[in-house]
Amino acid sequence: MNCDYLMVHYGELSTKGENKKAFIQCLTHNVRHALKGLDCQVSGKRDHIYVHLGSPDIEAEAVQRLLLVSGIQRISPVYKVNREQAELAKAGAELIIESGKSKFKVETKRSDKTYPLDSYGICRLIAGAALKENKGLSVDVHNPEVTLRCNLREDAAYLSLTSYTGLGGYPLGMNGKVTLLLSGGIDSPVAAYSLLRRGIKIEGLHFASPPYTSMAVIDKLKDILAVLNTFQSDIRLDIVPFTKIQEAIYEHVPEPYCITIMRRMMMRLAERWAKKRKSLAIATGESIGQVASQTLESLQVINSVTNFPVLRPLCVSDKVEVIDLAKKIGTYDISIRPFEDCCTIFKPKKPKTHPNIEHVLRYESFFDFEPLLEEALDGITSIYMADGEEVTPK
């Protein structure tokens with residue numbers, strides 16, 4: 001038998017109550033976008049999304065695309081068959097035999113409670129037909145080699161032998177947009193992926209310090225965004241000219257406090273830019289205790305410049321976990337290219353890990369940074385990446 005449908009399972013969307021309809025509409029739109037160019041039709045229903053395949057040859061490609069869509073819990077290739085008992089039994093037995101496995105079980109979900117047989121009766125119907133057709137088969141409900149799942153609905157019965165685990169989370173765009181501080185290192189692209197899985201769109205904000213930092217960092221960021229385009233098809237990256245601010249900091253501030261005050265300046269700029277871009281929060285790739293500016297004391301001092309929401313999706317992840325995820329999504333080899341950003345170029349020998357807020361405020365009073373912040377905001381330039389290519393925005 002040829003697979004003619006993919007059944008998309010919602011997972012967490014089942015908990016959304018009255019908001020579920022909006023989530024399903026958003027996910028259905030994203031599924032259609034992901035399958036663009038393939039011969040298939042997408043239909044969003046309350047319990048599942050159904051993808052009608054125009055040809056069995058596109059099944060593998062369609063599954064691979066859907067595995068990268070947030071909000072999908074599972075994807076099941078299914079066979080749509082008539083609900084009439086004889087035809088249902090015949091189709092189910094045929095699939096079990098075609099699997100080539102000898103130990104099997106049948107599971108049934110009966111959405112239509114008016115059907116003459118209950119779930120157990122449907123399982124017995126299909127299993128009995130398979131055993132009658134092939135004497136070498138046996139039912140093993142505890143350790144089956146293959147499980148046939150039957151989803152009996154009002155219009156038809158949908159049979160499946162396998163399923164694929166999706167990204168989970170929520171449909172992209174359902175939870176708004178954030179401004180993500182994107183450095184080009186290992187952590188921030190993984191933070192981006194974590195946000196995308198939760199249905200949050202991202203816009204990148206990068207702080208550049210030419211001539212101290214190489215323009216190769218921007219090429220590196222483009223390649224990272226090209227990978228992230230797999231999960232969000234179009235991403236904007238805004239580049240902040242940060243050189244004058246850093247030079248002023250290192251001219252007026254004691255070296256141990258330079259990183260702390262630099263991060264406070266970044267947070268001030270990020271808040272103003274995020275509000276201009278109508279983002280709902282700032283996001284970073286910070287992990288508690290990983291470096292000097294990421295101790296809880298440092299984060300408290302840095303955060304005190306804003307009451308805008310700051311998301312840190314990696315805050316309790318260890319480096320090994322982050323590296324493993326970076327390798328999984330394909331950003332790791334790009335992130336380790338030897339092109340340094342402004343944080344590493346100006347890194348002090350002994351950064352303050354437990355900064356004192358009174359000292360920080362006094363050091364910041366040594367120079368007038370407001371005109372520098374405004375100049376940096378006025379000098380922001382933008383790059384747009386869509387489907388892996390740099391594009392000119394419409």
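How many aromatic pairs does the count come to? Eight. Keep in mind that this is a predicted model.

Start with the whole protein. The protein has 14 helices and 16 strands. Its radius of gyration is 27 Å, while the globule rule gives 21 Å for 394 residues, so the protein is more spread out than a compact globule. Along the principal axes, the C-alpha atoms fill a box of roughly 85 × 45 × 40 Å.

Now burial and surface. Of the 394 residues, 51% are buried. The accessible surface comes to about 18,800 Å². Carbon and sulfur atoms hold 50% of that surface.

Contacts next. Take those in the protein with a separation of 6 or more: 80% of them are between residues 24 or more positions apart.

On to the sheet. Which order do the strands of the seven-stranded open sheet follow? The order is β14-β13-β10-β11-β12-β15-β16, and the pairing is mixed. The edge strands are β14, residues 310-311, and β16, residues 389-391. Each of these pairs on one side only. In general, strands of a sheet pair through backbone hydrogen bonds, either parallel or antiparallel. Here, β10 and β13 run parallel. Strand β10 covers residues 177-181, strand β13 covers residues 281-283, and three bridges join them. For a landmark, find Leu180: it stands opposite Ala283 in β13.

Back to the rings. A pair of aromatic rings is described by the distance of the centres and the angle of the planes. The count was eight pairs. One of them is Phe23 with Tyr170, with centres 5.6 Å apart. Their planes meet at 70 degrees, and edge-to-face needs over 60, so this pair is edge-to-face. Where do the two partners sit? Phe23 is in helix α1, residues 20-34. Tyr170 is in the loop between β9, residues 164-165, and β10. They are 147 residues apart, and the pair links distant parts of the chain. Both residues are buried. There is also an aromatic cluster, formed by Tyr5, Tyr50 and Tyr158.

Arg153 touches Tyr50 and Tyr158, along with Asp47, His48, Arg83, Ser111 and Asp112, leaving aside residues up to four places away in sequence. Its place is the loop between β7, residues 146-152, and β8, residues 157-160. Is Arg153 buried or exposed? Buried: the relative accessible area is 11%, and the cut-off is under 20%. The side chain of Arg153 also makes a polar contact with the side chain of Asp47, at 3.3 Å.

Next, Gly71. Gly71 lies in the loop between α2, residues 59-66, and β4, residues 74-81. Its relative accessible area is 0%, so Gly71 is buried. Gly71 and His9 are 62 residues apart in sequence. In space, C-alpha to C-alpha, the two are 8.9 Å apart.

Look in helix α5, residues 187-197. Ser194 has a relative accessible area of 18%, under the 20% limit, so Ser194 counts as buried. What does Ser194 touch, not counting residues up to four places away in sequence? Pro313, Leu314 and Leu325.

Key:
Residues numbered from 1 in each chain as written. Heavy atoms only, no water. Helix = DSSP H or I, 4+ residues; strand = E, 2+ residues; numbered from the N terminus. Buried < 20%, exposed > 50% of the residue type's maximum accessible area, 1.4 Å probe, protein only. Polar contact = N/O pair within 3.5 Å; in protein donor to acceptor, adjacent residues only side chain to side chain. Contact = heavy atoms within 4.5 Å. Pairing = 2+ DSSP bridges. Rg over C-alpha atoms; globule rule 2.2 N^0.38 Å. Areas by Shrake-Rupley, 256 points an atom, 1.4 Å probe, with all protein chains shown as cover. Phe/Tyr/Trp six-rings, centres within 6.5 Å; stacked < 30°, edge-to-face > 60°.
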